[in-house]
Structure formats: C-alpha cells, structure tokens
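Me: Can you walk me through this one? I'd like to go through the helices, the interface and the charged pairs.

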2 protein chains.
Amino acid sequence: MALTQTAETRYTKPVLVAVNKPFDDEDGLQALRSHPLFSELNGKDLQHLIQQSRRIRLGHHQLLYRQDMPAHHFFFVISGRLRLYRLDSSGIDRTLDSIAPGDCFAEVMIYADPPRYACYAEALKSSEVLMIPVKAYQDMLESNPGYAQAALRHYAKRAVSRFHDLEIMTVQSARDRLIRYLIDLLPNGAEEGGEVELPLPKCLVASRLAMQPETFSRILADLKANGLVRVNRSRLFISDPRRLIEISQ
Amino acid sequence: MALTQTAETRYTKPVLVAVNKPFDDEDGLQALRSHPLFSELNGKDLQHLIQQSRRIRLGHHQLLYRQDMPAHHFFFVISGRLRLYRLDSSGIDRTLDSIAPGDCFAEVMIYADPPRYACYAEALKSSEVLMIPVKAYQDMLESNPGYAQAALRHYAKRAVSRFHDLEIMTVQSARDRLIRYLIDLLPNGAEEGGEVELPLPKCLVASRLAMQPETFSRILADLKANGLVRVNRSRLFISDPRRLIEISQ
DNA sequence: AAAACACTTTGAGTTAGATCAATTACTCCC
DNA sequence: GGGAGTAATTGATCTAACTCAAAGTGTTTT
C-alpha cells in the first residue's frame, strides 16, 4: 500500500529559484564528464543535454524539492552538499542520504513511473546543482542505445550501495551501527586507519543511523575515551579499524 | 573501507547440487517471460540464455551461495521462497530480504566489479531456481543494446525499493517499523484494509526489522488486543490501515 | 501415537537508549 | 566584540526493548 502523505502543507510557495546561468566553467564540466552517467557521452550529446539543463544556486537549508512532488528533473551536484530526508506525519525528520559534489541524485526518476520524488532534498550549505530534465536524458538514451551500458553499471552500483546501507540498519545496537558507519566512511583499503570527515552534522548522522543526537554523542565520547577514535570537530581519526570492528559484536 | 569477513569457515563443501534438468515447463517459462529483465527478449535470445542456464533444486534451509563467494551467476525463482541474509563476526544472522517466485536476485552481479555475493542466500522451503550465467546475459545485452532499456527500468526500480526499505529502518521505534512493514505488504491501493501474508517466518521478519522475536510477538499481540490486526498463523488481516498509520507516530 | 524439533508466545528482570533539562561550544551577524 | 541562534555535550530519569527462562503450539519423524 502507498503511504499517503498527511502532514506537510507548510511550504506552499514554489521551492526553486532557478538561475539561468550557463554551465560552462571548466571545473564543473570536468566533474560532470567523469560521472558514469555522462562519461560515455560524446561532446555533442553532452552539450545538448547541458543546454537543456539549468544551473541552480541553493542557500543554506534551502529546499530543492519535496517528497511526493512530480519529478521532471534529476540533479548533479556541482558544489556544496545536500541531504535527502523524509518527514513523517508527526513531523519527525529522518535523514536518508547525503550528497557530495560529483554525485547525482534522484536519477532513478529517469525510469520512475509515476515520477514523484520519494523524499525531500535540501542544501546543507550554499550549493550549486545542475538540474537535468528527465525527458532530455531519456531522449538522448533512446537515440543512442549504446550509452545504456554505462547507465546500467551506475544503477546496479546504486542498488548495491542501498542494499549495503540497509544492511547496516539491520544491526540492532546503536553503538554497532555507528561503528559500521564509520568503517564505511574510511577510504577503501585503509586497513591501517585514517581520517574521516562526517558528511553530515552530528545530529543528522544520528538521524541517519536511527538514534538520538545524545546517544550519538555519548557513544562517540566513549569510543574516544577508549582510544578508538580521536575527534576534531567533524573530522575523526581512526587509528585501528580492526580493533573497532572487533569491539562491534 | 571494505569489511573483511572474519567468521564463517563452517561450510567448506561446495554449496550447490546442480541438477541439469532442462527448463521447459510452461509455467516456469511463462513466469520468466513476464519478468522485466527477460520480457523484451525475442524467443531465440531467451532460448539461448536458458540453454546456458541450469535449473537448481534446493531443499528446506539449503544454502545457495555464501557472502563473499565469487559471483558468476544470478538467479530467477521458479518456485518456493528464499531469503537473503548476512552473518557478522559474532554469528548473528540478519535477514535482509525475502524472494518470491517470479523474482530475480543477485542480478546486480551482472555489473558488479569484482563480482562477489554481498550476502547469503538460502531456501526457506523446497524451491527451484534458474541459475543464469552473468556472462551469458552480458553477452546477450552486448549484441542487443536495445534490450538495455528494460534492464534499466528494472535496476532503477530496484534502487528505489531498496531506498524505501532503508527509509523504514530509519524509523526508531520497533513498533512503528513493524507497522510500516505491514502497511507496505498491503497490496497497493488497499486503503480499506486487506489480508497480508508474511513472506518470512515471524522470527525472521523480526530479524529483518532489527528487533527480537519476543518484541515482534509482543507488538503483534498488542496490535491484536487493540483490534488493529487479526492474526491467523502467518496471515494477518488489517481492517483499518489508516488507523494503523495514525497509531505510528 | 509418541518423540523430536522448530517456532511462537508469555513472564520476569535488566539495560541500552530515549527523553527531559541544563550547560557549553560554535557560528553567524550586526 | 557582543548577542542571537544553532549544534553538541553532559547529567538525571524513565521506558522500550533486550535477555534469559519456561511453557505452549504446530510439524515432521519414527
């Protein structure tokens, strides 16, 4: 059964303030080119896609779209950082994902039917995103079936990564979920430890991991006291990941 | 960082007992044809794919594959039911998904690199699956780029559904997670209530929802006492979904 | 039909984590 | 640099959910 949205009539104004600024700076373009959904595109097709897209500036905490809104676009992050979250009827805000520059989001909307956003998206700080019409990408794919391979790889990867996120959430203890989350943030292969930057403010990491901010804080304090992590603002240094994993049983 | 599997050296024997029985019964074939990953295929391509596949019989509780095993095949369920789960170092068994006849699983392996199963798969009862070589499907897609559209739709849908599963797991209270789970089991549009069959034994639904079987039992007993569900073995009758949703705040 | 087994339920005691409340630390403005 | 606002921490309860234990139910086996 589809869960009908009962709350959330707060925002009545249109959400987006689109700035029709051309997307031509080298950095942003380069980042777009290296994304799997675009890397295979030839110059002309990419150019055409960009021409149909708009560049959006978002301020701190600005909402990009709301859950259940008809979805005609998907997005590529040029700069800044965003988060995806849901609100339930009692107004509780549950963080589902954070998005960094170079990432796409809501790109599943290309194949969604009906196309409605499954969550809210807001900027965590001043950000820029490229707003790509779903239709434009569909058309492009249709006339170039060869591009589908790259898209397939991307979607399969996305499904795996969501599966993995789900896996963490089946861990019962809050402490162990947090530890698993930290381990996953470590760059792949950093068995000998390393520094990690939380992609979200601590209170939102807590929400992402289905625990209270106070619980998050206490667990982290405890890990710190046991010499398992060193904390410096949102930067954590994990000296011995193996020991951390052992702790989490 | 990749979490290296520490436990789990129990099963040393090969898992599969493959039966090279031809896949030609009308029912199974019909179900396969209606799956998005195969529905677009013309008769010849489908036949070729099936020829390269093997039909596997699995007994109750029989293991199909183990997590971290190299993945050269993906699967289509002909009959029975399976579940996907993970084991962590302390041997705790966490259920991630259940698979019904007509479903595919491990199909993301077609694009995985390196191809390793992310979890265990076992039969919940006597089942039959079609074991399809990843390579065979890849080859088929490569020579028929037009088939990619259907696959893309499938993968996008899969990603959405995993996202949705994740969303449920960010709900903090066990009670509310269970309610959300039940609501999702209801056929889409059954606002007026309906009967639902649990796709897993109760103790495994509990594991799927990151709670103890005792907790599951008590919550269900409580819902029953409040007239919100009627319970008959693994069949639940939900008379008033709206009220159930209201309860869960 | 009885025994063995697996799953579920119920009870009692304990604890991890939520909640409420207060303090401290940052960050952003003016 | 001071004040407002937000995020993070810490302390003190309280409760939802876990744990352990036992009994009940249904299913398969012999």
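**A buried helix, then the interface**

Reply: Helix α6(B) is largely enclosed by the rest of the structure, because 9 of its 12 residues are buried. Keep in mind that this is a predicted model.

Me: Which residues of α6(B) are buried?

Reply: The buried ones are B:Ala174, B:Asp176, B:Arg177, B:Leu178, B:Ile179, B:Arg180, B:Tyr181, B:Leu182 and B:Ile183.

Me: What span should the 12 residues of that helix have, and what do the end C-alpha atoms give?

Reply: At 1.5 Å a residue, helix α6 (residues 174-185) of chain B should span 16 Å. The C-alpha atoms at its ends are 17 Å apart, which agrees.

Me: B:Phe216 next. Where is it found, and is it buried or exposed?

Reply: B:Phe216 is in helix α8 (residues 213-225) of chain B. The residue is buried, with a relative accessible area of 1%.

Me: What does B:Phe216 touch?

Reply: Leaving out residues up to four places away in sequence, B:Phe216 touches B:Leu178, B:Leu198, B:Lys202, B:Val205, B:Ala206 and B:Met211. One of these, B:Leu178, is also among the buried residues of α6(B).

Me: Switching to the interface. How many residues of chain A and chain B are in contact?

Reply: 54 residues of chain A are in contact with 53 residues of chain B. The area buried between the two chains is about 5,000 Å², and carbon and sulfur atoms give 67% of that area.

Me: What about polar contacts and salt bridges between chain A and chain B?

Reply: There are 10 residue pairs in polar contact between the chains, counting pairs with both residues at pLDDT 80 or more. The salt bridges between chain A and chain B number 4. One salt bridge between these chains joins B:Arg86 to A:Glu167, with the closest N and O atoms 3.2 Å apart.

Me: Which elements give two or more residues to the chain A side?

Reply: They are β5 (82-87), β6, α5, α6 (174-185), α7 (202-208) and α9 (241-247) of chain A. The largest share, 16 residues, comes from α5(A). By residue type, the chain A side divides into 31 nonpolar, 12 polar and 11 charged.

Me: Which residues are linked in a network of salt bridges?

Reply: A:Arg86, A:Asp88, A:Arg94, B:Glu167 and B:Arg180 are linked in such a network. Of these, B:Arg180 is one of the buried residues of α6(B).

Me: How many salt bridges does the structure hold over all chains?

Reply: The total is 32. In one of them, the side chains of A:Arg162 and A:Asp97 meet at 3.1 Å, N to O. A:Arg162 lies in helix α5 (residues 148-169) and A:Asp97 in strand β6 (residues 93-99) of chain A, so the pair ties together parts that are 65 residues apart in sequence. Both A:Arg162 and A:Asp97 are buried.

Me: And in chain B, what does B:Glu195 pair with?

Reply: B:Glu195 forms a salt bridge with B:Arg235, the closest N and O atoms being 2.9 Å apart. B:Glu195 is in strand β10 (residues 194-197) and B:Arg235 in strand β12 (residues 235-238), so this pair links parts 40 residues apart in sequence. B:Glu195 is partly exposed at 45% relative accessible area, and B:Arg235 is partly exposed at 34%.

Key. Residues are numbered from 1 along each chain as its sequence is written. Chains are lettered from A and ligands numbered from 1 in the order in which they are written. This is a predicted model: local features need pLDDT of at least 70, side-chain atom pairs count only at pLDDT 80 or more; totals for chains, interfaces and linings use all residues. Side-chain values use heavy atoms; hydrogens and water are left out. Helices (H or I, at least four residues) and strands (E, at least two) are DSSP runs, numbered from the N terminus. Buried means under 20% relative accessible area, exposed over 50%, partly exposed in between (1.4 Å probe, protein chains only). Contact means heavy atoms within 4.5 Å. Buried area is the accessible area (1.4 Å probe) that two parts lose on being put together, summed over both. A polar contact is a pair of N or O atoms within 3.5 Å; within protein, one must be able to donate a hydrogen and the other to accept it, and residues adjacent in sequence count only if both atoms are side-chain atoms. Ala, Val, Leu, Ile, Met, Phe, Trp, Tyr, Cys and Pro count as nonpolar, Asp, Glu, Lys and Arg as charged, and the others, Gly among them, as polar. The expected span of a helix is 1.5 Å times one less than its number of residues.
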